[in-house]
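This report describes a two-chain model, section by section. The sequence and structure are shown first.

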Number of protein chains: 2
Amino acid sequence: MPTTKKTPKIPAPTIERLALYTRPLEIYQREGIAVISSEALARHCGVNPAQVRKDLAHFGEFGVRGVGYEVSKLLGEIKKILSTDREWNLCIMGLGNLGTALVENQNFRQRGYRFVAAFDSDPAKVGKRLPSGLVIQSVEKLPKLVKQLNIEIGVIATPPRQAQKAAELLFAAGIKAILNFAPIQLRSPECCVVENVDFSVNLENLAYHLANLLEE
Amino acid sequence: MPTTKKTPKIPAPTIERLALYTRPLEIYQREGIAVISSEALARHCGVNPAQVRKDLAHFGEFGVRGVGYEVSKLLGEIKKILSTDREWNLCIMGLGNLGTALVENQNFRQRGYRFVAAFDSDPAKVGKRLPSGLVIQSVEKLPKLVKQLNIEIGVIATPPRQAQKAAELLFAAGIKAILNFAPIQLRSPECCVVENVDFSVNLENLAYHLANLLEE
């Protein structure tokens with residue numbers, strides 16, 4: 001659920017599904033399978049095949065009717081569209097359990113998202129070394145390090161009460177994109193984009209399917 | 001991205017958006033605003049208004065043309081549809097940083113998702129008390145505690161290599177629904193439902209919007 005002030009050319013739900021589509025495509029590529037049908041792609045991602053075809057039609061002709069999509073070509077094109085064919089430098093705000101888990105997440109690094117700095121407002125945490133090798137910095141160093149390390153995305157994993165303050169520090173330091181894990185709606189300037197992560201949405205989705213299973 | 005073997009009556013993407021819609025509806029309800037337009041609801045959730053109207057049309061007539069939706073009524077109906085008008089008992093598998101953060105998540109509890117047991121295969125962790133008060137249990141106690149505590153949903157926060165084993169223990173104990181945070185595709189029996197959480201999807205979505213901002 002991205003909160004963008006400007007309207008992108010491609011609908012936001014399509015963009016979210018494109019990122020999902022890359023997961024089975026990567027598996028097929030690793031296993032050396034050259035072609036995937038819209039039905040298989042849809043099944044792996046829990047969407048319907050007509051939706052897959054409609055989403056991919058936004059980007060011209062990737063598919064061959066009755067056969068499917070070329071896995072490598074489709075994956076390459078989606079990565080180009082999503083700008084995931086490059087690396088991004090990230091910083092984390094808040095090194096509690098969640099923040100520490102995020103910095104350690106191997107999946108991020110494999111996909112080109114690198115945590116290059118870690119900040120906490122707690123003086124007791126500043127100076128500690130994380131398992132990844134990063135040393136926790138004081139938030140006062142944020143503006144300098146954002147420039148020095150070319151940080152483009154800020155990830156907020158602070159307690160809810162501190163999240164807006166963390167966002168303001170990031171924006172003031174020139175960061176234009178925030179991934180927010182704190183369960184709070186952040187106010188953001190027009191020029192910036194905030195994506196909220198809310199695990200309870202996944203739980204609600206799961207509970208719905210489970211309730212349906214139990215009724216049968 | 002739910003992996004359900006059975007086809008639910010309502011499309012999965014609609015169900016996911018319904019959970020999103022509840023977030024601004026709850027804020028409006030708290031602030032005493034009685035009516036919300038499809039445009040406002042859409043803007044808060046980053047989807048387009050036509051999509052909101054289409055999704056809500058699946059469930060009969062919630063709206064009044066030209067006015068909007070009654071906030072309390074719509075929220076109540078969505079919660080009934082999503083089966084979030086009740087409580088669910090959860091257990092966590094794997095008490096590393098992520099697992100510990102999830103058990104502490106206040107948002108889960110507020111929404112009726114209660115962690116009632118915590119399991120780890122590491123003998124050094126078994127017996128330790130978490131900040132929430134739960135004591136970490138050995139996985140051997142899983143079958144007994146699932147029945148005793150009426151656990152319905154298992155949450156996996158183990159390292160990727162141990163996730164499939166954790167899932168099999170949960171299924172064998174009678175659990176039919178899993179929320180999986182490990183970055184790995186789980187094999188599951190026909191009767192069960194697995195929802196995968198992949199933060200890097202959010203990052204890709206954010207990177208796309210940021211790349212668009214930077215081009216302007």
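Asn150(A) lies in the loop that joins helix H7 (142-148) to strand E8 (153-156) of chain A; helices (H or I, at least four residues) and strands (E, at least two) are DSSP runs, numbered from the N terminus. The phi angle of Asn150(A) is near 55°, a positive value in a residue other than glycine. Most residues other than glycine have a negative phi. Asn150(A) counts as exposed because it has 10 C-beta neighbours inside 10 Å; a residue is buried if 20 or more other C-beta atoms lie within 10 Å of its own, exposed if 12 or fewer, and partly exposed in between, with C-beta atoms placed from the backbone.

In chain B, Asn150(B) is found in the loop between helix H7 (142-149) and strand E8 (153-156). Phi of Asn150(B) is near 55°, again positive in a non-glycine residue, and Asn150(B) is exposed, with 10 other C-beta atoms within 10 Å.

## Basis of the model

The model is predicted: local features need pLDDT of at least 70 and side-chain atom pairs count only at pLDDT 80 or more, whereas totals for chains, interfaces and linings use all residues. Residues are numbered from 1 along each chain as its sequence is written, and chains are lettered from A and ligands numbered from 1 in the order in which they are written.

The domain assignment, automatic or from a database, divides chain A into domain 1 (2-81) and domain 2 (88-200).

Beyond four places in sequence, the contacts of Ile156(A) include Met93(A), Ala163(A), Ile178(A) and Phe181(A); a contact requires C-beta atoms, placed from the backbone, within 7 Å.

## Interface and symmetry

The contact between the chains takes 57 residues from chain B and 57 residues from chain A. On the side of chain B, H9(B) gives the largest share, 15 residues.

Chain B can be laid on chain A with an RMSD of 0.0 Å by a turn of 180° and a shift of 0.0 Å along the axis, so the two copies are related as by a two-fold rotation axis. The superposition is by least squares on the C-alpha atoms of residues with pLDDT of at least 70 in both copies. Asn97(B) comes closest to this axis among the residues of chain B, at 2.4 Å (C-alpha). Because 98% of the interface residues of chain B are also interface residues in chain A, the copies meet through the same surface.

Key: Two residues are in contact if their C-beta atoms, placed from the backbone, lie within 7 Å.
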